[in-house]
Amino acid sequence: MSDFDYDLFVIGGGSGGVRAARIAAGHGARVGIAEEYRYGGTCVIRGCVPKKLFVYASKFSEEFEDAAGFGWNVGERRFSWERLVEAKDREIARLEGIYRRNLERAGVELHDTRAVIEDAHTVRLLSTDKTLRAKYILIAVGATPNVDADLPGGEHVITSNEAFHLADLPQRVVVAGGGYIAVEFAGIFNGLGCDTTLIYRGPEILRGFDMDLRTAVHEEMAKKGVKVLCNDTFAEISKAPDGTLSGRTRGGETLVADQILFAIGRRPNIAGLGLDKAGVEVGPGGAIKVDARSQTSVPSIYAVGDVTDRANLTPVAIREGHAFADTVFGGRDWSVDHSLIATAVFSQPELGTVGLTQDEALARTPNLDIYRTSFRPMKHTLSGRDEKMLMKMIVDADTDKVLGVHIMGPDAGELAQVLGITLSMGATKADFDRTVAVHPTAAEELVTMREPSERLRG
């Protein structure tokens, strides 16, 4: 008779935890999982999935305008925020149901409650105060939005969590932040007709991306009507009796809005989890310390996903969860390579990227060939829209290996997925050059750029 109720107990029903639970159960493990909110995690419930649905909704305003250039006469237009939110909620409920059913079909036992750690092998279910013992514990609780607790009036702001459930569409919105979430929500609200301002503390938005794309996205957002303020932050926020918010910035600006959304980063969701009881080590920012196989300082406890702050992307959490389950329960020892990850920002225009930025590449080798092209997408030759597309390829001049590809424009995320395959296989510029173009497409530019726009040597 085993001393354990489960071979594996997973805390957190997001993408990484669910994948680990299902794969482990498929390997014959007895698996339990606890989720205190809804299965699917941040990505499915209040992250990437509802966000992209909102992005789709916000793009129709431009689609209606562009239609005229192609002979369409679009009539009266009206938008209902309530109908969009209702449709989004139905889809999220459907997806959560799929997550639940997939776990149940795999033989995983579900516990709809918050669970905390008591020791290296014990978890406590808070809804019943019941304790369960497991040979292994996997922490997959993700991250939570940062808030500025020291900001006077900070209690008046919302985060991305609340943005998906607003009762009314605000006429004026200020978004604080310059990363994925901030830039995406600025595009959403602007596309839905809101007077939108983006304020960011740094010199340019989208820190960590290639500088050419950062400046290009900034310029295109400004063309679309988003007011972008860099090198500035809020000093104080006040709320009038009618609900109007007024934010005073350190740079002397006064920003008036119906909603102020803070998207200033996320932190590992470890508060009250009981890591100290088990002796699980965390870093200065609260991220759980793990090795390449996601094992913590306690041998029986593992962690995957955003709570480890390695590469905070849903597909990465899924891969980490899968690798953990295969390694511990499936007899197949493997780990996730975090060095080359394709990603997309569903900004407007969209951004897709894989590999090194120019600055990162220069830190590795002084000899680079930079291929860069900027052009108006074919669609806008008739729509008349003043919007550019940018493609950039970074090549090691000594080996001809493609080190990074960065794209801004329609379907950039889709292109990044395919480019991720080519770069992971070690593609060279010659490989791109001998590939026959698909015409007429924007993507053909990737295989027709012959001469470097810039040669960096030494």
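This is a predicted model: local features need pLDDT of at least 70, side-chain atom pairs count only at pLDDT 80 or more; totals for chains, interfaces and linings use all residues.
**In what order do the six strands of the open sheet stand?**

The order is β17-β18-β21-β20-β19-β22, and the pairing is antiparallel. Residues are numbered from 1 along each chain as its sequence is written, and side-chain values use heavy atoms, with hydrogens and water left out.

**Around the sheet**

Strands here are DSSP runs of E with at least two residues, helices are runs of H or I with at least four, and both are numbered from the N terminus. Two strands pair if DSSP finds at least two bridges between them. At the edges of the sheet stand β17 (343-345) and β22 (454-456), each pairing on one side only. On average, neighbouring strands are turned by 15° against each other, direction ignored. Axes are lines fitted to C-alpha atoms, for helices over the stretch in contact, and angles between N-to-C directions run from 0 to 180 degrees.

Strand β19 (residues 368-375) pairs with β20 (residues 389-396) over eight antiparallel bridges. Along this pairing, S374 stands opposite L390, and F375 has M389 as its bridge partner. Buried means under 20% relative accessible area, exposed over 50%, and partly exposed in between (1.4 Å probe, protein chains only).

Helix α7 (residues 211-223) packs on the sheet, touching β18 (351-355), β19, β20 and β21 (402-408). Its direction makes about 0° with that of β21. Contact means heavy atoms within 4.5 Å.

The 16 residues of α9 should span 22 Å at 1.5 Å a residue, and the end C-alpha atoms are 22 Å apart, which agrees. The expected span is 1.5 Å times one less than the number of residues. Among the buried residues of α9 are V316, E320, F324 and F329. The buried residues of this helix pack against β1 (6-11), α1 (15-26), β6 (130-139) and β16. Just after α9, G331 takes a positive phi of about 70°.

**Aromatic rings**

Rings of Phe, Tyr and Trp (its six-membered ring) pair if their centres lie within 6.5 Å; planes under 30 degrees apart count as stacked, over 60 as edge-to-face and the rest as tilted. By this rule there are twelve aromatic pairs. Y6 and F9 have ring centres 5.7 Å apart and planes at 55°, so they form a tilted pair. Both residues, Y6 and F9, are buried. Y302 and F324 are tilted too, because their planes stand at 50°, with centres 4.9 Å apart. Y302 lies in β16 (residues 301-303) and F324 in α9 (residues 314-329), so this pair ties together parts that are 22 residues apart in sequence.

Ring pairs also link F54, W81, F164, F185 and F189 into a cluster.

**Loops worth a look**

Q348 and P349 are joined by a cis peptide bond, with omega about 10°, and P349 lies in the loop between β17 and β18. N231 is not a glycine but has a positive phi of about 55°. N231 counts as exposed, at 55% relative accessibility.
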